[in-house]
Amino acid sequence: MRSFALTSALAAASLVHAGPTPTEKELPKRTSSLPTVTASGNAFWAGSTRFYVRGIDYQPGGSSSNSDPLADTTVCKRDIAKFKELGVNSIRVYSVDNSADHTECMQELSDAGIYLVLDVNNPSYSINRDDPAPSYNDVYLQSVFATIDEFVKYDNTLAFFSGNEVINDQSSSVKAAPYVKATTRDMRQYIGSRGYRKVPVGYSAADVSQNRQQTADYFNCGTEDERSDFFAFNDYSWCAPSSFEISGWDQKVKNFTGYGIPIFLSEWGCIENTRDFEELSALMSDEMSSVYSGGLMYEYSREGNGYGIVEVSGDSETVTEEAEFAKFSSALSKYPAPTGNGGFTSTTASVACPTVDDTWALGDWGASALPAIPDGAVKYMTAGAGAGPGLKGDGSQNAGGTSTGTASAGSGSVTATASNDSGSGRPAPPMDMSVFWLTGAVAFFTLAGTLLL
């Protein structure tokens, strides 16, 4: 009877589909969305696959130019075609117009399999390293949050930078660290409070030997709400001909082992001698994959500094490849991303805050205290930031209400969101679902065999 019942059911199912199937009109094909990237343990993940940044820094006109290449479809389509030729999976953009729409260029990037790492600052809205306290204000944070509003909706937004080389080789710049860290905290709280996807937030540091480790530790110390989701730094210490050991990268891997959150290079690519991009031989190897998650080569277009690999002119459709273009493409092909999990560490961990001394001088803030979010910016957590000021706004350096005190521990935690999700904590590493698929398949065939008996 069981065999008859199963056979009858299968026959009935086949009768339902008997007869010719009408031809359906084929819709225009569009590449499906890329899987979103998360930070978990000390690695990035695209779904259940370890993700390595294999990208290029991109800002036609220069990294300090007040322009937006992702709001100009002629420019972005021209350059995305070249990104595809190179074989990169990510780009970094230093400045965008948060009052513009970026749907078309972001979709073009997605169709090409490319993610965006985005700086939320621009020359008019940023922390002033020389006088940081007045520049950390509600007008500045409104612009930062408006940038998040615009880009968090795109699945291929990989990460946000809260700052770039604000702390540099000038000893006085260290005093800006608490304000950049407070901005990082505020960005993470805003993303959680608005019920957004948890796009990772971190800082892009200068590779300054006297404060490199202190900077890294500072952005990963303190309470959960104060810590970054990742840390990145700009590294030009591998100058060809070189190697993992000669460049000192082996020592940096040792120093960052056990750091507890993802690390990648936000800029790399020395030009002192010839550029052969052999850095990728180490970045994509098991010598580094347990600690580093790749990096972004500096940079795409030549801006008078000798780093670019193409020549472009404004919104002209012409792109002239330099010899380094083919070399970089060849290196990306020669050194693919590691397979498997790369020896990552599954647990996320904080570190001790660096000791305040003559090198790491934070002034009255001490080792771990941070400025409280300006009173005028608190409302954005629930009401949203509203329209962004764009690149032609009045600027924020001395424009708004500043912080009036020291933040209490945990003040940046998310207590309520638009989706009624607490939004706290960090994602766990993705589970290997293959065992569940295998178990399900075995159960199905066992049941089918039983019915046939």
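**Figure 1. Strand β7 and its parallel partners.** Strand β6 (residues 115–119) pairs with β7 in the parallel sense over 4 bridges. Two strands count as paired if DSSP finds at least two bridges between them. Strands are DSSP runs (E, at least two residues), helices likewise (H or I, at least four), and both are numbered from the N terminus. The model is predicted: local features need pLDDT of at least 70, side-chain atom pairs count only at pLDDT 80 or more, and totals for chains, interfaces and linings use all residues. Residues are numbered from 1 along each chain as its sequence is written, and side-chain values use heavy atoms, with hydrogens and water left out. Val117 has Ala159 in β7 as its bridge partner. On to β8: β7 pairs with β8 in the parallel sense over 3 bridges. Here Phe161 has Gly202 in β8 as its bridge partner. Of the 8 residues of strand β7 (residues 157–164), 7 are buried, so the strand is largely enclosed by the rest of the structure. Buried means under 20% relative accessible area, exposed over 50%, and partly exposed in between (1.4 Å probe, protein chains only).

**Figure 2. The barrel.** The closed sheet holds 8 strands, in the order β4-β5-β6-β7-β8-β9-β10-β11, with parallel pairing. Neighbouring strands of this sheet are turned by 25 degrees against each other on average, direction ignored. Axes are lines fitted to C-alpha atoms, for helices over the stretch in contact, and angles run from 0 to 180 degrees between N-to-C directions. β9 and β10 run parallel, joined by 5 bridges. Asn234 stands opposite Glu267 in β10.

Figure 3. β1 pairs with strand β2 (residues 43–46) over 4 bridges, in the antiparallel sense. Ala39 has Phe44 in β2 as its bridge partner. Val37 has Ala46 in β2 as its bridge partner. Strands of a sheet pair through backbone hydrogen bonds, either parallel or antiparallel.

**Figure 4. The turn between β1 and β2.** The hairpin of β1 and β2 has 2 residues between the strands, and Gly41 in the turn has a positive phi of about 60 degrees. Asn42 is in the loop between β1 and β2. Asn42 is buried, at a relative accessible area of 6%. C-alpha to C-alpha, Asn42 and Gly260 are 5.4 Å apart in space, yet 218 residues apart in sequence.

**Figure 5. Aromatic pairs.** The whole structure contains 31 aromatic pairs. Rings of Phe, Tyr and Trp (its six-membered ring) pair if their centres lie within 6.5 Å; planes under 30 degrees apart count as stacked, over 60 as edge-to-face and the rest as tilted. Tyr203 and Phe219 form a stacked pair, 4.6 Å centre to centre, with 10 degrees between the planes. This pair links distant parts of the chain: Tyr203 is in strand β8 (residues 201–206), and Phe219, 16 residues apart from it, is in the loop between α7 (212–218) and β9 (230–235). Tyr203 and Phe219 are buried. Phe231 and Tyr259 form an edge-to-face pair, 6.2 Å centre to centre, with 65 degrees between the planes. That pair, too, links distant parts of the chain: Phe231 is in strand β9, and Tyr259, 28 residues apart from it, is in the loop between α8 (249–256) and β10 (263–268). Phe231 and Tyr259 are both buried. Ring pairs also join Phe231, Phe233, Phe256, Tyr259 and Tyr292 into a cluster.

**Figure 6. Lysines over rings.** The charged end of Lys82 sits over the ring of Phe325, 5.7 Å from the ring centre. Lys181 lies over the face of Tyr218, 4.5 Å from the ring centre. A charge sits over a ring if NZ of Lys or CZ of Arg is within 6 Å of the ring centre and within 35 degrees of the ring normal.

**Figure 7. The cavity.** The count is 1 cavity of 30 Å³ or more. On a 1 Å grid over the protein atoms alone, a cavity is a set of points where a 1.4 Å probe fits but cannot get out; lining residues have an atom within 4 Å of a point. The largest cavity has a volume of about 50 Å³. Its lining includes Trp238, Cys239, Arg275, Asp276 and Glu279. Volume here is the space filled by probe spheres set on the points, with grid points joined across faces, edges and corners.

Key. 1 Å grid on protein atoms, 1.4 Å probe; cavity = no way out; pocket = protein on both sides within 12 Å on 5 of 7 lines; lining within 4 Å.
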